[in-house]
Every structure is written in structure tokens, then in C-alpha cells.
Amino acid sequence: MTSNTPQPTTFKPSGPLTGKISVPGDKSISHRALIFSALAIGKSRITGLLEGEDVLATADALRAMGARIEKKNDVWTVHGVGVGGLMQPKNALAMGNSGTSTRLLMGLIASQGISATFIGDASLSKRPMGRVIEPLSQMGADIRARETSDHKACLPLTVRGICPAVPIEYRLPIASAQVKSAILLAGLNTPGITRIVEPVLTRDHSETMLSGFGAEITVETDAKGCRVISLTGEAELKPQKIKVPGDPSSAAFLVVAALIVPGSDIIIENIGINPTRAGLFEVLQNMGGDIRFGKKRTVGGEPVADIRVKHSHLTGINVPADIAPSMIDEFPILFVAAAMASGETTTHGLHELRVKESDRLSQMAKGLGLLGVQVTEGDDGLLIEGSGGKTLAGRQAKPVIETALDHRIAMSFAVAGLVTKSGLSIDDIRPVETSFPGFDDLITKLASS
Ligand code: S3P
């Protein structure tokens with residue numbers, strides 16, 4: 001983070017949001033674009049890369065392991081070292097707030113003849129790493145992590161890679177694209193077939209992009225309906241030109257803002273609408289949201305569209321648990337939409353939200369409570385009684401919302417602030433830089449255009 005002190009920021013009631021805008025590049029695709037390019041032999045070019053702190057942490061770590069990564073004008077160039085060609089980093093890899101950087105790079109190092117120590121901020125240092133330690137250890141890596149009082153393996157941790165590693169067949173016990181991708185990254189430098197069985201579909205960027213980079217990778221469905229991903233190592237990756245689409249997880253905040261602020265009508269250009277990421281849009285449409293997808297096209301193997309959103313009267317809904325993986329990062333902002341809907345919204349199956357950048361169920365329940373919203377926090381979801389479009393007002397005129405170093409909590413309450421009676425403050429805007437640089441200015445610009 002650029003500054004060492006929290007930056008409280010106020011968000012006030014807003015007039016209609018109007019205009020045509022775009023959002024920064026997709027975070028998941030940006031991490032993968034850098035990592036796969038660093039493993040290709042030769043020069044890849046990336047445009048639209050998200051220049052948020054999380055992705056920059058990945059770039060710095062790859063540089064520390066020998067990849068040359070440069071930016072000129074709007075083009076990022078990565079000079080890859082080849083799948084087995086990473087160098088021993090001299091210092092600990094600083095991962096900041098980024099779980100994706102940490103888990104993916106742990107996988108990358110697991111099958112190389114190098115070792116690396118990972119450190120992170122207070123939020124990342126609480127997040128569970130056992131989910132990647134388990135399969136990577138089966139492949140032969142030696143991983144030593146700090147153990148918490150409740151026996152969770154957390155940062156700081158050290159991965160001692162092994163080369164050659166052992167290919168495994170691994171059934172994902174939790175729906176996690178990070179775990180899947182960590183194993184695939186380890187599999188790239190592992191002779192033989194690394195196989196992942198995925199009972200619940202998660203974002204598929206790694207599979208799609210690895211295939212684009214020339215890896216031998218297949219995806220099939222088995223008799224039980226599980227996805228089976230098979231990767232043949234050792235892979236040789238060819239450099240690519242990558243165009244990163246706008247991040248649907250960032251667009252989500254603006255989509256909900258336009259839906260709940262009366263009179264709004266906005267177009268968000270060039271947004272990824274991969275079905276493994278687009279669950280929120282479907283749920284909001286089912287709640288009555290006027291969301292339309294124009295100019296549908298394919299960019300770099302990913303479906304993309306311009307999204308038009310108009311203010312709508314939303315109705316509460318029961319969100320089925322099986323849609324959760326395709327909107328796992330969007331629940332905080334869905335809860336804000338639910339707070340403005342008519343009637344009750346119920347959500348289930350969201351244990352994973354408790355181990356994101358913060359415990360998102362508890363942070364959202366607390367913050368919405370301060371705004372006078374009726375919320376019941378269950379074990380694995382929230383039940384929210386919406387205001388039916390009425391502005392939000394709690395007992396305090398201008399409450400201060402705790403964001404717990406979580407960018408998506410900060411942005412969700414920034415959006416909620418637009419529909420409060422007299423505004424709210426979030427205790428710290430800095431975490432937004434991890435995924436959505438310029439968010440604050442963009443919201444202000446939209447509200448005044
Ligand atoms: C991500 C996967 C998801 C998501 C995260 C990005 C990825 O995490 O929450 O923001 O890029 O693979 P999980 O794998 O923990 O579900």
C-alpha cells in the first residue's frame with residue numbers, strides 16, 4: 001500500500017449515475033497472463049493488464065525468479081524463462097493482500113528445484129494455505145507453514161520445490177480455482193499426467209489459457225458429471241499476445257450502483273462474461289434488474305460484452321447454493337442489492353466467504369446492520385430483509401464502516417453510501433488499490449456526469 005496510515009473516506013447520497021465507462025482488467029486473467037508468459041520461452045505481450053497491487057505482487061515475484069517484465073506505453077512485455085527455468089529468489093516473496101498470487105506461485109515453485117518464503121499482510125497471514133499444501137506435498141514439495149492456535153497452516157511459509165515432482169490425480173475437496181490452478185502450475189514441470197477432478201465447476205481461465213499457450217491439456221466430464229482436467233508435463237509454452245478483458249468482479253460494483261440509484265443508466269464496456277464468473281448478473285436479472293449485454297464477442301478466448309444497466313425495482317430472492325462458485329467474489333455487493341430490494345433475500349453454502357480477504361459474512365452483516373438493514377447471519381449465509389428501495393438509515397447519522405483490509409467490503413459499502421440518507425464513511429479506502437485502482441474517482445465521475 002502506498003501509505004502506511006488508513007484513509008477513511010466518505011460516500012454520500014448520489015444523483016443518477018449516467019455515462020459510458022470501462023473498468024480495469026480482469027484480476028484472475030492478469031495473474032495468469034503474467035505467470036504463464038513467464039513460463040513460455042520468449043516474449044509475450046499483454047494489454048489491458050490490471051495494474052492493481054495484487055497483480056503487481058505477482059509481477060515482482062516473477063521478476064525475483066528471473067523473468068524480465070516491462071511496461072511501455074500500455075503494453076506489458078514478459079520475457080519468459082521456460083517452464084523449468086525459474087531462478088532461486090534472493091529474498092522472501094512479498095504477497096501483500098493477494099491470496100491468488102500466493103496460492104498460484106506456491107504451485108509454480110512446488111515442482112522447481114528452488115525454494116521460496118512467502119510473506120503477506122495481516123489479512124493474508126490469516127488465510128488458510130492447507131488447501132494447497134496438501135496436494136503440493138503429495139507431489140513431493142516440502143512446505144513448512146506457521147501453525148495458528150486453531151491449527152491452520154498460514155503465512156509466513158516456505159516452499160521447497162522438488163524436481164522432478166510426482167504427478168498426482170487430485171479430487172478438489174473444495175470448489176477453488178486457486179487450488180486447481182496451483183496444481184496445474186506444479187503439473188507443468190512434472191513429467192507425466194497431472195489430473196484434477198473437479199466436482200463443482202470453478203472459473204476456468206487456467207485451463208483455457210494454458211491450452212492457448214500450447215500446453216497439452218484436456219477437459220472431459222466423467223460418468224458422475226465431474227470435470228476431469230488432464231495436463232501432460234513437462235509442458236512447453238509458446239509466447240502469446242494477450243488482451244485482458246475488463247473484470248466482471250469490478251464491474252459488479254457499478255452494476256449494482258446503477259440498479260439501486262434512481263434514474264441511473266450506464267454502459268460498462270468490454271466486460272468478461274465467462275459463465276464461470278457471471279453468476280451475479282444472472283441473479284440480479286432474476287431479481288428484476290434491467291441488465292443487457294450488447295456487442296457480444298470473443299476476445300483472446302474469453303466471451304466479452306458491453307453491459308447496459310438501468311435503475312430497477314429489485315425483488316428479494318433465494319440464491320441457490322450451486323451458483324455460488326460463479327459469483328464467489330460478488331456476494332458482498334449482492335448483499336447491498338438485497339438490502340435495497342423488496343422482500344427477503346436468502347443465501348446458503350457460503351462457508352468460503354469466511355476465509356476470503358476478511359470474514360465477508362460477518363463484515364457485511366455488521367456494516368449493513370449499522371445502516372439499519374435487518375440482517376440475520378447464519379453459519380453459511382445471510383438473510384436480508386430489503387428496504388424496498390427506501391434510502392438506508394441506521395441509528396447513527398453517518399456510521400463508520402469497518403473494512404478489515406478487504407477491498408470488496410470497502411467497495412460494497414462505498415456503493416451502499418450512495419443510497420444512504422446522510423452518507424457513510426469507510427474506515428480505509430487503501431485496500432481498493434489491490435483490485436480496482438481509480439474506483440473512487442470513477443464513482444464520483446459517474447455520479448456527476
Ligand atoms: C480466484 C479464485 C477465487 C476468487 C479469487 C480469485 C482465482 O478464489 O475468490 O478472488 O483467480 O483463481 P478461490 O479459489 O479461493 O475460490
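How many nonpolar, polar and charged residues does the shell around the ligand have? By class, this shell has three nonpolar, four polar and six charged residues. Here Ala, Val, Leu, Ile, Met, Phe, Trp, Tyr, Cys and Pro count as nonpolar, Asp, Glu, Lys and Arg as charged, and the others, Gly among them, as polar.

The model is predicted, so local features need pLDDT of at least 70 and side-chain atom pairs count only at pLDDT 80 or more, while totals for chains, interfaces and linings use all residues. Residues are numbered from 1 along each chain as its sequence is written, and side-chain values use heavy atoms, with hydrogens and water left out.

The ligand is surrounded by 13 residues, each with a heavy atom within 4 Å of it. The closest are Ser-28, Arg-32, Ser-176, Asp-329 and Lys-356. Polar contacts, which are pairs of N or O atoms within 3.5 Å, can be followed one by one. An oxygen atom of the ligand lies 2.6 Å from a side-chain N or O atom of Arg-32, and one is 2.6 Å from a side-chain N or O atom of Asp-329. At Gln-178, a polar backbone atom is 2.9 Å from an oxygen atom of the ligand. The protein covers 95% of the 380 Å² of accessible area that the ligand has on its own, by the Shrake-Rupley method with a 1.4 Å probe.

Which elements give two or more residues to the shell around the ligand? They are α1 (27–39), α3 (99–110) and α5 (177–188); helices are DSSP runs (H or I) of at least four residues, and strands (E) of at least two, numbered from the N terminus. Because domain 1 (9–25 + 245–447) and domain 2 (27–238) both give residues to this shell, the ligand lies between them. The domain bounds come from an automatic or database domain assignment.

The backbone also deserves attention. Most peptide bonds are trans. A cis peptide bond, with omega about 5°, joins Cys-163 and Pro-164, and Pro-164 is found in the loop between β9 (153–160) and β10 (169–171).

Terms used:
A polar contact is a pair of N or O atoms within 3.5 Å; within protein, one must be able to donate a hydrogen and the other to accept it, and residues adjacent in sequence count only if both atoms are side-chain atoms.
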